[in-house]
Amino acid sequence: MMISYKEKIAKQQQIIQNNRNRPPPPNGPPKKTQQQPQINPEIAKKYNELRKKYSEVNRDHEDLLVFVGHIHGQLEKSQKELTKLRYEKNQLLAMVNKPKQAGADSVESKSMDMETTNNNSS
């Protein structure tokens, strides 16, 4: 026999209502008591030593992360500076190695042409 969805919801609400209407037990709700386990003093001592060492190592780790971040920033700054200097160097080399202007070449070639024409005419 199948129960419809509405009937299931109605049953669940009935159960919830019944639980709310039920009177509390005479001594109140049951208390949860939890006993502390017995701790071996040697284990406690080792645990405290390890916790202290972990704290030191963790602090050193954080310091190293800050230092590496600082060094990384300096590296990026230096790389940008190198890129800029290389660009400027290439610009200067391009200006120095640029072929001489046409005017300077033409004077030399004209003088060579004049010598050749003078030799031919004589």
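Mentor: Tyr87 is a residue of helix α2. Please keep in mind throughout that the model is predicted.

Trainee: Is Tyr87 buried or exposed?

Mentor: Tyr87 counts as exposed, because its relative accessibility is 53% and the cut-off for that class is over 50%.

Trainee: And what does the side chain of Tyr87 make a polar contact with?

Mentor: Its partner is the side chain of Gln91, at 2.8 Å.

Trainee: Turning to the helix itself, how many residues does α2 have?

Mentor: Helix α2 has 56 residues, covering positions 41–96. From its first C-alpha to its last it reaches 81 Å, which is close to the 82 Å expected at 1.5 Å a residue.

Trainee: Which residue caps the N-terminal end of α2?

Mentor: That residue is Asn40. One of its side-chain oxygens lies 3.1 Å from the backbone nitrogen of Glu42.

Trainee: Which residues form a nonpolar patch on the surface?

Mentor: The patch consists of Phe67, Val68 and Ile71, and together they have about 280 Å² of accessible area. Of these, Val68 is found in helix α2, the helix that also holds Tyr87.

Trainee: Now the confidence: which element has the lowest mean pLDDT?

Mentor: Helix α3, residues 102–121, has the lowest mean pLDDT among the elements, at 58. Helix α2 has the highest, at 94. Over the protein chain the average is 80, and 69% of the residues score at least 70.

Trainee: How many helices and strands are there in the chain?

Mentor: The protein chain contains 3 helices and 0 strands, and along the sequence its pattern reads α-α-α.

Trainee: What share of the residues is buried?

Mentor: Buried residues account for 0% of the 122 residues in the protein chain. The chain exposes about 12900 Å², of which carbon and sulfur atoms supply 58%.

Notes. Residues are numbered from 1 along each chain as its sequence is written. Side-chain values use heavy atoms; hydrogens and water are left out. pLDDT is the predictor's confidence in each residue, from 0 to 100. Helices (H or I, at least four residues) and strands (E, at least two) are DSSP runs, numbered from the N terminus. Patches are made of residues with over 30% relative accessible area and no salt bridge: like charges are joined within 9 Å, nonpolar side chains (Val, Leu, Ile, Met, Phe, Trp, Tyr) within 5 Å. Accessible areas come from the Shrake-Rupley method with a 1.4 Å probe; for residues, only the protein chains shown count as cover. A salt bridge is a side-chain nitrogen of Lys or Arg within 4 Å of a carboxyl oxygen of Asp or Glu. Buried means under 20% relative accessible area, exposed over 50%, partly exposed in between (1.4 Å probe, protein chains only). The expected span of a helix is 1.5 Å times one less than its number of residues. A polar contact is a pair of N or O atoms within 3.5 Å; within protein, one must be able to donate a hydrogen and the other to accept it, and residues adjacent in sequence count only if both atoms are side-chain atoms.
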